[in-house]
Amino acid sequence: VLQELLQHALRHPEDQARTASILSRIGPEGYEVMVDAIAESESLAARKFLHDALAQTPEAYPLVVPLLRRSQVHQVRHGAMLLGRLGNARAVKPLIEVLAHDDEGVRREAARALAQFDDPAARSALQEALTHPSGTTRSDVAAAIGLAGRAPLAPALMSAFRNEKESMVRRALATSAARLGTPSALDELVLVALTRRG
């Protein structure tokens with residue numbers, strides 16, 4: 001019955017919010033149907049209503065965290081996204097582990113998720129990830145820090161900015177540091193803008 005309800009929602013977008021509400025109220029069986037449905041699809045678009053519902057359901061945490069251990073990359077990405085939105089502090093450690101995943105997309109979502117936590121271990125992991133061998137990952141981590149407004153990491157962003165060689169990553173670091181808007185970071189960025197070209 002729950003599967004039929006879910007399939008109806010996928011065919012009829014106008015009923016998705018109501019369906020998600022019903023599945024959430026059912027309890028663990030409803031959460032499981034939603035998590036399995038998310039895990040089935042690489043795309044978020046058609047199942048965003050399930051993401052939104054689970055993000056408002058702290059009780060679903062035990063069913064979401066195992067997604068990080070799945071072999072399918074898209075399932076790990078979904079798990080990281082959801083854990084960042086759920087905000088359960090127990091997710092920090094498994095998210096830190098996923099930050100070292102082979103897939104760039106997984107690392108990006110893990111960084112975004114970790115940036116949602118005002119947690120020393122999460123901040124430390126993000127700071128370390130600013131030196132990742134992949135320039136794309138360094139950019140993604142910088143963007144995650146800036147978008148989440150993690151001002152305590154502004155010195156780490158500026159330190160990475162000084163040492164960074166890739167222009168794409170330098171832009172990401174500068175943008176995020178400016179977004180955080182700490183006086184020392186802004187002073188340094190102004191100095192760079194006035195004394196350098198490009």
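**View 1. Helix α3 passes helix α4 in a left-handed crossing.** Left-handed here means that the near helix is turned anticlockwise from the far one by less than a right angle. This is a predicted model, where local features need pLDDT of at least 70, side-chain atom pairs count only at pLDDT 80 or more, and totals for chains, interfaces and linings use all residues. Residue numbers start from 1 along each chain as its sequence is written, and side-chain values use heavy atoms, leaving out hydrogens and water. The axes of α3 (residues 28–40) and α4 (residues 48–55) are 10 Å apart, and the two helices pack at an angle of about 135°.

**View 2. Serine 43 sits in the loop between α3 and α4.** Its relative accessible area is 41%, so serine 43 is partly exposed (buried is under 20%, exposed over 50%, partly exposed in between, with a 1.4 Å probe and protein chains only). A polar atom of the serine 43 side chain lies 3.2 Å from the backbone nitrogen of alanine 45.

**View 3. Lysine 93 belongs to helix α7 (residues 92–98).** Lysine 93 counts as exposed because its relative accessibility is 59%. Leucine 114 is 21 residues away along the chain, and its C-alpha atom is 9.4 Å from that of lysine 93.

Conventions
Axes fitted to C-alpha atoms, helices over the stretch in contact; angles between N-to-C directions. Helix = DSSP H or I, 4+ residues; strand = E, 2+ residues; numbered from the N terminus. Polar contact = N/O pair within 3.5 Å; in protein donor to acceptor, adjacent residues only side chain to side chain.
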